[in-house]
Amino acid sequence: MNHTCTWVQDSGITVAGPGPVYIGAGLQDSDKPAFRRIAEDQLRRLRYVLVAPPCMGEARAQLADSGTVILDGVPGSGRSAAARVLLHEHHRDSGAFHELLPGEEGELSLHDPALVGSGDQLLLDLSAADDSRWAAAQADLPALRRTVHEQRAHLVVIMPPYGVLDPELQYCRVMLERPPGIGVFRRHLRLHGVPPEQYLRPDETVTGFLTAKRPMREIAEFADLVRRAREAGQPGDGFGQWCEAAWQARNDGRREAAALVSKIREASQRALLIAVSMLHGAHADVVHRATQQLLSLLGLPPEGDSPLQHRDLAERLLEISATVAPNGQVRFEKLDFDSAVRAHFWDHMPDLRPHLGTWAGSVVELNDPHVVTVVRDGLVERVAGEYLRTGRADRLGNLVEAWSTGVTSRPRLEAAVHALTRGLADPAHARNIREQIYQWCAKRRLKGELAQVLVRVCADVLATSHPDQALVRLYHLARRERGTTRARQALYELVTRSRRLHRVLLNRLAHSDFSPANLGIFLQVSDPELLTLRPGNSHALVEEQSAQRSLTACWHAVLTELPPPQWQSEARRWLHCAAADTGPLGGLLLDLLVGAAQRCTEKRGTTFALLYACARDAERTGPEDAARAAETTGVLLHKISVAQGIAPATPTTSPRGTRP
């Protein structure tokens with residue numbers, strides 16, 4: 001099966017070629033989801049394959065000196081790739097990469113300090129912004145840059161081509177020019193393993209292709225076609241033949257596909273043609289069964305009344321210019337002919353489109369040893385790619401719903417995840433897919449296993465480059481889920497990886513309606529060990545005043561709105577953590593609990609009594625020794641007495657309870 005070159009771009013990946021991309025984001029659980037592993041690998045690949053454009057050094061110096069660089073340049077000059085490489089060079093363990101998308105659901109405004117975490121790498125791609133959006137972003141840039149400086153983060157802005165930049169920001173601007181096209185082409189060929197003695201020779205086809213000053217994406221696609229032509233060529237072929245085959249595939253494929261479809265009139269042969277194009281590289285058994293399924297779905301009879309009357313598969317494949325390799329894989333004889341056939345049927349027989357989506361859902365469920373993950377993912381990639389190529393992201397969303405509801409299966413759910421991942425990777429339609437996901441998570445009544453699919457996509461895909469959007473969508477799923485805690489657990493795991501996101505979620509919860517669902521989320525994400533964690537030499541989140549305000553507000557709501565059995569175990573967890581801490585943080589945890597209880601004006605005494613009872617229970621269940629636990633109970637009792645005005649503010653027995 002033909003693999004394309006991919007790299008991290010936009011919503012996680014960018015496709016640099018017309019074939020399938022096997023993203024590997026499924027429903028599996030692991031310490032590090034497959035998509036994140038692949039995203040990191042592809043970012044390293046991008047750094048390797050990038051040919052630095054002129055003035056890249058100037059951009060690098062500007063980013064290092066001021067923390068901000070504004071990239072200008074014509075479309076197709078590689079600004080986006082350069083921006084990501086610049087940010088990757090400043091990657092630190094304390095920060096994370098994320099793309100800023102002002103105006104989208106779940107995105108903080110550019111002037112919100114909570115948008116930037118310590119050491120973050122931020123990309124603000126406004127290359128497609130209109131004048132009003134660009135003007136609004138420029139108005140927010142001073143506040144954003146100030147926060148970036150305070151957090152020792154790094155920001156790369158890609159401005160619209162020919163946009164007008166404010167005079168006070170001119171010193172941040174670097175004009176990137178196109179790198180030499182031949183250098184980009186050769187760098188991609190080197191990545192593909194083509195020997196230098198081949199691609200360093202002058203070639204008329206390459207010269208003609210590059211004369212037009214192609215965008216970087218087109219050069220990458222053509223290099224990939226040359227790579228595939230080399231793999232499919234004859235032993236005696238050389239670089240010139242590979243380039244000629246790539247050129248013909250790029251320019252003549254659609255015309256040849258139209259001629260073949262016009263020539264073949266039998267429904268069974270056209271069904272075979274579709275199956276080969278959608279399952280290119282799959283085993284012949286899979287192609288045959290998929291063809292029969294498509295005919296059955298369309299209500300058409302198979303070829304002949306008896307298997308003995310059928311033309312054999314080899315004969316039928318020969319008629320559509322396809323062959324079976326010795327290992328059983330079915331391929332068209334002409335390079336990239338599968339994409340040309342798909343495009344022809346999709347464009348010129350639009351009534352087939354909904355049937356092909358249904359058909360793909362049944363094919364991924366085939367019980368066949370040859371229907372392996374790469375075959376399933378390739379089929380989904382191609383179906384999703386056709387919806388996106390023709391501008392129908394909404395229909396792709398309908399297909400995901402169909403695969404996730406009703407009678408479903410693990411392969412269908414994995415297909416739904418993969419389809420959404422493909423949509424998030426499409427530069428032209430990623431925004432629409434993100435909006436569709438938000439509507440599902442926040443407003444739609446979800447049926448079947450669609451919520452499970454959305455949890456995986458948000459946690460493993462969207463969080464990779466748009467963590468704020470992932471947080472908001474997982475929050476809505478968590479507050480609406482019934483009978484499961486998948487979304488809540490995914491939300492918790494997301495904030496464990498980012499103090500900034502943890503702070504943002506606590507603030508959101510503190511300003512929520514304090515429903516039982518929201519309070520349940522709070523009790524899980526207010527993990528005291530996470531709140532008191534001091535990575536490196538930094539402070540703990542619980543030491544921040546904004547976090548203290550959020551924690552106090554939420555604990556007050558918990559103590560007021562929920563019955564004691566629903567919060568006592570979490571209170572004991574805080575008490576255990578307080579007992580384990582030998583510094584001031586343990587006392588701070590107790591301060592927050594007492595402060596929240598003190599706000600309970602109507603049942604303050606009862607709440608204090610319940611907290612004290614929790615402390616006595618914690619003495620028996622905690623991991624610390626009995627003396628330490630008893631000391632913590634004594635400190636808590638003193639703080640309660642102070643809050644009630646019946647004891648002096650300074651404890652006489654231990655300094656552990658004092659506020660830092």
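**Talking through the fold**

Student: Before we dig in, how many helices and strands does the protein chain have?
Tutor: Keep in mind that this is a predicted model. Going by its secondary structure, the protein chain has nine strands, and the helices number 29.

Student: What share of the residues counts as buried?
Tutor: Here buried means under 20% relative accessible area. The protein chain has 660 residues, and the part of them that counts as buried is 55%.

Student: And what are the spans of the C-alpha trace along its principal axes?
Tutor: The accessible surface of the protein chain is about 28200 Å², with 50% of that belonging to carbon and sulfur atoms. As for the C-alpha trace, its spans along the principal axes are about 95 × 65 × 45 Å.

Student: Why is strand S3 largely enclosed by the rest of the structure?
Tutor: Look at both faces: Thr-68, Ile-70 and Asp-72 point one way, while Val-69 and Leu-71 point the other way, and all are buried. S3 covers residues 68–72, and it is largely enclosed because the number of its five residues that are buried is five.

Student: Which strand is joined to S3 by four bridges?
Tutor: S3 pairs with strand S7 (residues 173–175) in the parallel sense, but over three bridges. The four bridges, also with the strands running parallel, join S3 to residues 154–158, which is strand S6.

Student: So what is the bridge partner of Leu-71 in S7?
Tutor: Over in S6, Leu-71 stands opposite Ile-158. In S7, the bridge partner of Leu-71 is Val-174.

Student: Last one: how far apart are the centres of the positive and negative side chains?
Tutor: The protein chain has 78 positive side chains and 77 negative ones. The distance between the centres of the two sets is 2 Å.

How values were computed:
Residues numbered from 1 in each chain as written. Predicted model: local features only at pLDDT ≥ 70, side-chain atom pairs only at ≥ 80, totals over all residues. Heavy atoms only, no water. Helix = DSSP H or I, 4+ residues; strand = E, 2+ residues; numbered from the N terminus. Buried < 20%, exposed > 50% of the residue type's maximum accessible area, 1.4 Å probe, protein only. Areas by Shrake-Rupley, 256 points an atom, 1.4 Å probe, with all protein chains shown as cover. Lys, Arg positive; Asp, Glu negative; His and termini not counted. Charge placed at Lys NZ, Arg CZ, Asp CG, Glu CD. Pairing = 2+ DSSP bridges.
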